[in-house]
Every structure is written in C-alpha cells, then in structure tokens.
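Me: Hi! Could you walk me through this structure while I have it open?

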Amino acid sequence: MNKINSIEEYHEEYSKSVRDPEGFWAEKADTFLWKKKWNEVLEWDFDAPSVKWFMGAKLNITENCLDRHLENSGDKVAILWEPNDPNESSIKLTYKELHSRVCAFANVLKRNGAKKGDRICLYMPMTPELAIATLACARIGAVHSVVFAGFSARSLEDRINDATCNIVVTADGGFRGAKTIQLKSIVDKALENCPSIERSIVLKRTGEEVKMEAGRDVWLHEELSRVDDVCPAEIMDSEDMLFVLYTSGSTGKPKGVVHTCGGYMVYAEYSFRNVFQYEKDDIYWCTADIGWITGHTYIVYGPLLAGATTVMFEGVPTYPDAGRFWDICDKHKVNIFYTAPTAIRALQACDISLVKKHKLDSLRVLGSVGEPINEEAWHWYNDEIGKGRCPIVDTWWQTETGGIMISPLAGLTPLKPSYATLPLPGIQPCLVDADGNEIVGNDVQGNLCIKYPWPSMIRTTYGDHNRCKEVYFSAYKGKYFTGDGCRRDEDGFYRITGRVDDVINVSGHRFGTAEIEAAIDEHENVVETAVVGYPHEIKGQGIYAYAICHDTNVDIALFIQEINKTVTEIIGPIAKPDKIQIVHGLPKTRSGKIMRRILRKIAEGDVSNLGDTSTLLDPSVVEEIKAGASLE
Ligand code: PRX
C-alpha cells in the first residue's frame, strides 16, 4: 500500500531510497495499473537536462484515478463540491459518476477536434467541471494547461500562445464571494490575439448573457447531449506530457513547467498518502484553486489516485463571512484540511467567535503550503483550529517539483513550528554556498538544491528547453536549484527561509519582480520602475514599487489607481502593488544595475544601515528615496 506507519519506518524507507533509488521507486510504481511495465526505471543527466522515469512503460493516469476504483469503490464519493453560495446544494460525485462524466467530457473534446498531444487551455471557475475537464484531457492524451481564472486577458493570451493551444474551455462567468467574474468576456478579449484557438467550449455557470461566436464557441451542455459516456483511455508513454502549468521566474515571462505521465502519477499518490497519512474513508479538503500546482496534485490527481474523497470549494474564505472554512469543515466532517498561511493569517485577524462556534472535531490532520508559515500563525492554527490534537504538516515544494518534497509525515515526524522538517523518501536535498560547494553537517544555512532526480520533477519548460537548463540546472553544476534559501538545524531539520532570487511570494502567489515592473512600465507616465517585496502581515510579502515618472506633478491617489488598473489588465488583480513611491532616480551602479538590496531595506523600513553605497552612480538618490518612503 506504500504507506509509512512510524518514524522508524520513515528512516528505513529514506535510507533505502538513497541506497537504491531505482529499486525503491520500482516497488512504489508496482502498485499502479500499467498497460505495459517499464524496461528501465531511470535515465538521467542534470547537465542536458534530461530525466526519464519508467522508460518504455505505458499507462493512462485516469485509469489509475478512476477505472481501477470502480469495482470496489464505485459508489464512494470522489468529489464533494461545495458551492460559493452556502444556500446552493453541494454536489457529491461518486467514482462511477465521475468516471462517466470524464468520459463524456472527453468525447466532447474529441468531437471538437481534440487529439492526443494537443494543448488545451482550461480557464474555469472552481466547479466540478474543472476537475472533470482536467481528467478528460488526460483521458484522451491531450496536454492540459490550466490558467487560474483570476489572471487577465493578456496573461491568458500569452499562455495560450506560448503553448499554441487549439481549444479553450471556460464558463460564462464564475462566482467568487459576493463578486461575479465575467470569464467568457475575458476569454473573448484574449482570443482576439490567439490564432491557434479553433474552439471555445463554454460551461453555463452564472447564467449571464454572453456573446457566442458562431463556428468557434459552443455550449458544454449542448455538446454533452450529443455524446455518450464511453471513452477508452488513450495509451500514453510514461514520458509523454501530462500537463503544462505556467509559473513566474526571476526573469522574462512566466514559463510553462512541463510534467509527464508516469513519474508524476507515482509521486502524486505516494506523497499524498504519506504526508497526510491518508486513511480510507477520510474526507480530505485542500482549499487551493486547481489553477495552481497545489490544486493539480492535491485536489485532483493525488487524492483520486489514492481513491479518496476530495472536497472542492468554489468560493473564498471570507464569504458569506470569515467562518466559511470552519462551516465547511463541520458540514462535511473534514478529516484532513490543507490550506495556505495567508488564509490562516487573514482568518486569525478576524473575530475568534467565528471559529469558536464550530466544533471542528472531525479534523485530524492540518496542512500548510505555499509560503513560510510564521510561528504566530502556526500556533494559532495548532491551538484554535487543531485544538492541539492535529499535527500540522508544513509542506515545502514548488510547481517544478510536482509534489511535496520536504514535510513532516502527519503524526510521525516530530514537529517544529515554521520548519518543513525532513525530506520525503526519494528526495535528496542539499545546501550549497555562494561558490556552489555543498555545505555538509548540521546547524548550517545555504541555497537549497536537490541532487538526485525524483519521479515528479520538471522535465522541461514548454517550447524552450534551454530556459529550463539555465534557470534550474546551471547555477550549481549537477544539481537542481530551487531558488530558495534554507537552514538545516542541529537536528537536521529543514526550514525554508524564502526566495533568494527576484521572485516574490504574495499571498502564496509567485511573481517575478521583472514581470510586475514590465506591467507598470506600460503606464504612459512611467519611465522606469523597480519592484521589491517587503514583509506583509497577512500576505507574507507585499509588493513595493518605486517609479520614475515623466511628469512628477501628478495626483498620487489617481496615479496609484491607474497603476493598479494597468497591472490588473496586464497580469491580474493579484499582482497590484501594495505601495507605490514616485522617485526621481533609482540606486544604480556605474554599470547600470539597480541595487535592489537598498530598495528592499527601505521598503522594509530598515534604513539605518544600508550597507556600502559607494559603488552607486549617484548616492544622493538614496537619500531622496529614504525621505519619501511610505513607511506606515
Ligand atoms: O519559496 C517557496 C515557497 O513557494 C515557492 C513555490 O511556489 P509555487 O511554485 O507557486 O508553488 C507553491 C505551492 C507548492 C517555493 O520556492 N513555498 C512553498 N511552500 C513553502 C514555501 N516556502 C516555505 N514553506 C513552505 N511550506
């Protein structure tokens, strides 16, 4: 069953996974349904980079998520959907029903021209149809590219074009708290510049009026009435692409992280079962959106591979009030609850009676993901939500890693607040210094790398393999570089200290500072911008933008409004700066490089010691920026 049951067993499994990685993963993979077994477990070269798992094996991940559960658990609930409006009924889809809905959707895709290898963009609200569409793509061997439905038309357009998708699946609109988002009109705008799209398939959700373009747009419900629910699974090679998911890096536009079928499947299930210590009949709820990797691996694939009941929530934590998460936990008797520190901090700041009026007695395991969890939030989560009896798994991982890499195993690993603790079996982390030397021993700090392949690791960045090499495999030869700083304490426990590159993590959402700068620069009054992150009580990091303007004699409130509008149009509302300061110059070295270290310090409000500024072209700009900083 691939489940570790004690900390001793964890240590044994871990040693085995390092001694004989191929034997270790072959044994884990053996429990799945393969059309054909592998000839070789692993072939790898981090310089190329090239990583192949379960070579020659054939499978379809949806047969492992759905078909193989039908005989014994066909009537078990697979997806338990909770709508945005608590007065609307929740929906329970059994494994049998989900199987039939996925097959029918797959037939709709085929009817609309989809074939194996095509890229299909999903831009949808958190309805069951999003999970169904994801699995339907995998059923026919098409590559899904889910784009979070909070991104703008421009972001959607860029992602569709980068992967040359031929179909987009969307909805008329989506409900998010008290708001309705006009998804179809955002898609229409994006499609003005997406020549590869031949079809847009539209789910009716909000019922609002939308424009349907003849020959391009079709209604999902009409299409479903024209197909049956029998769809044999396409046979895929272990290394065929399963999905692409866009994420931000320190330079350029977001890149499409590519994951493949076999290795991703094995690791998604193995990590899900072990980290959360999943038990048959548990009700499991991950509050993420399927638009992010957390949703891919731990709402859809991991739980369904394990035959679990996975809760999907359409709404937001504060609607109709900030007790909604706890309402849902009690209503559906949730046993395992997985959320982000941002949500915990936001709810912690609300009236505690919204928590106290709930029983929360079904909870057994709590999880955290996406950003470092500060000690105060950890304790609140532990005391108020877990009532001191639910282990918290602080799970560190990334879009690129496909699954959880460093985390306690619930109830087995000793916990330390703000520590992700120990690597999962099969994961070989190491810390390196600035020169790339591995730092051995404990009580040390460095840049976090992984020195051996694991099954669900990134294979390439879509359409640009060299970028994958440059970003992840070139900083430290022979190692995958995570971009994170990390401490290993005296007990060998890992604590992630945050990004060491120009990536910021705002409410668990990842942005490159360059990406936000490029968006702000599109405002006609902006000459140049520098963006940095600064500590933010709720969001983890806030966005601080320094802007040089053509005309400095502006109404600052109006200017901020306009910048927010520009960023919302280009990236999405989640990337709006928290603070904007108009400056006359930026601290640049003689070679023209912006010294972000100084800007970060000022944004943090720590102006007493800015370090060496002697290499600056014009040190006086620092004084001006300090004097005008928004330090509230
Ligand atoms: O900096 C780390 C942070 O989030 C980054 C990955 O972001 P993304 O690809 O969007 O995936 C988020 C969900 C897996 C990492 O490089 N991060 C993620 N989890 C943690 C974390 N930082 C500290 N502790 C965590 N548990």
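Reply: Happy to! The model is predicted, so local features need pLDDT of at least 70 and side-chain atom pairs count only at pLDDT 80 or more, while totals for chains, interfaces and linings use all residues. Residues are numbered from 1 along each chain as its sequence is written, and side-chain values use heavy atoms, with hydrogens and water left out.

Me: Switching to sheets: what is the order of the open sheet of five strands?

Reply: S22-S21-S23-S25-S26, with antiparallel pairing; two strands pair if DSSP finds at least two bridges between them. S22 (438–439) and S26 (494–499) are the edge strands, each pairing on one side only.

Me: How many bridges join S23 to S25?

Reply: Six, between residues 444–450 of S23 and 480–488 of S25. Asn-447 sits opposite Gly-485 in S25.

Me: What do S1 and S2 form?

Reply: A hairpin, with four residues between the strands. S1 (residues 40–45) and S2 (residues 50–55) pair in the antiparallel sense over five bridges, and Glu-43 faces Lys-52 in S2.

Me: Now rings. How many aromatic pairs are there?

Reply: The structure holds 39. Rings of Phe, Tyr and Trp (its six-membered ring) pair if their centres lie within 6.5 Å; planes under 30 degrees apart count as stacked, over 60 as edge-to-face and the rest as tilted. One of the pairs is Phe-313 with Phe-325, edge-to-face at 6.4 Å centre to centre and 75° between the planes.

Me: Why does that pair tie together parts 12 residues apart in sequence?

Reply: Because Phe-313 lies in strand S17 (residues 309–313) and Phe-325 in helix H11 (residues 324–331). Both Phe-313 and Phe-325 are buried.

Me: Which residues do ring pairs link into a cluster?

Reply: Phe-24, Trp-25, Trp-34, Trp-38, Trp-53, Phe-54, Tyr-267 and Tyr-270.

Definitions and conventions
Helix = DSSP H or I, 4+ residues; strand = E, 2+ residues; numbered from the N terminus. Buried < 20%, exposed > 50% of the residue type's maximum accessible area, 1.4 Å probe, protein only.
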